[in-house]
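User: I am new to reading protein models. Please walk me through the features of this one.
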Amino acid sequence: MSSSLNLFVVSPDTRSERRFDPHITIEQLKSKLELITGIPTSSQSISLLNSEEDPRVIAQLFDDSKPLGFYSPSNLQVLKVEDLNPSISFTGQLTDVSQVDKFEISDAEYAKRTDSVLAYKQRNKVGRFAPQTDTPSPTTSVNIPVGSRCEVESSEPGLSKRGTVRFVGQTKFAPTGVWVGVEYDEPFGKNDGSVQGEKYFECKPNYGSFVRPEKVKVGDYPVLELDLDEEM
């Protein structure tokens, strides 16, 4: 009985770890990758890379009739999926903000405004404008190692939000308490590891989130495999 392969799938808009049967054809693989990357099968160019740290091209998967195993992939190698026609599928454009016009205002002008978030916080003594107590709140001891796999409690029934712990500690966006920064396997997050201009860890946009320690369970939580098999 054959065993599946754990491979990283990267594209201009996605990055994830998936399991694949080495006996599926490249044509079948492309159908699965379309659901993961959003790139149509007819526009896909697939390269097999040695690893994320060593992006040497091992093979080009251009023959749709060949099985995946024909190209001798190994666990944790990378399937790099490029879009040959991005103008139609908009690949990469959803995460490219370089063409977006930005409204800019100087710090001095912003401080004069009475309808800003800063003015609201000053009036209501919120955040850094809140009265300071004489004794700082103690830091809670949390046994959540950075780099460990985890599952985060979800309010949606049946939804498993798994990822990797990237940060544990106090933050500037909250005056007290410990926060856990998680890089989700799927885009369940709200940020890229940054909050209010402060960078706490690196990840793709919408893959990062900060949660309280009590909502995090650390353990052997592998990446969930999408059941993308079609009926034969």
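Analyst: Start with one contact. The backbone nitrogen of Ala119 lies 3.1 Å from a polar atom of the Ser116 side chain. A polar contact is a pair of N or O atoms within 3.5 Å; within protein, one must be able to donate a hydrogen and the other to accept it, and residues adjacent in sequence count only if both atoms are side-chain atoms. This is a predicted model, where local features need pLDDT of at least 70 and side-chain atom pairs count only at pLDDT 80 or more, while totals for chains, interfaces and linings use all residues. Residues are numbered from 1 along each chain as its sequence is written, and side-chain values use heavy atoms, with hydrogens and water left out.

User: Where does Ser116 lie? Is Ser116 buried or exposed?

Analyst: Helices (H or I, at least four residues) and strands (E, at least two) are DSSP runs, numbered from the N terminus. Ser116 lies in the loop between helix H3 (107–112) and helix H4 (117–124). Buried means under 20% relative accessible area, exposed over 50%, partly exposed in between (1.4 Å probe, protein chains only). Ser116 has 8%, so Ser116 is buried.

User: Which backbone nitrogen does the side chain of Asp83 reach?

Analyst: That of Asn85, at 2.9 Å. Asp83 lies in strand S5 (residues 78–83). With a relative accessible area of 12%, Asp83 is buried. Now look along the chain: Asp83 and Ser42 are 41 residues apart, and their C-alpha atoms are separated by 9.2 Å.

User: How many helices and strands does the protein have? What share of the residues is buried?

Analyst: The protein has four helices and twelve strands. Buried residues make up 36% of the 232 residues.

User: How do I read an aromatic pair?

Analyst: A pair of aromatic rings is described by the distance of the centres and the angle of the planes. Rings of Phe, Tyr and Trp (its six-membered ring) pair if their centres lie within 6.5 Å; planes under 30 degrees apart count as stacked, over 60 as edge-to-face and the rest as tilted. This structure holds nine such pairs. In one of them, the ring centres of Phe70 and Tyr71 are 5.1 Å apart and the planes stand at 90 degrees, so the pair is edge-to-face. Phe70 is partly exposed at 48%, whereas Tyr71 is buried at 11%.

User: What sits over the ring of Phe70?

Analyst: A charge sits over a ring if NZ of Lys or CZ of Arg is within 6 Å of the ring centre and within 35 degrees of the ring normal. Here the charged end of Lys66 sits over the Phe70 ring, 4.5 Å from its centre.

User: Which residues form one aromatic cluster?

Analyst: Phe167, Phe173, Trp179, Tyr200, Phe201 and Phe210 do.

User: Which residue other than glycine has a positive phi?

Analyst: Ser72 is one of them, with phi near 55 degrees. Ser72 is found in the loop between strand S4 (57–60) and S5. Its relative accessible area is 53%, so Ser72 is exposed.

User: What is the mean pLDDT of the protein?

Analyst: pLDDT is the predictor's confidence in each residue, from 0 to 100. The mean is 86, and 86% of the residues reach 70 or more. Over residues 134–139, pLDDT stays under 50.

Definitions and conventions:
Contact = heavy atoms within 4.5 Å.
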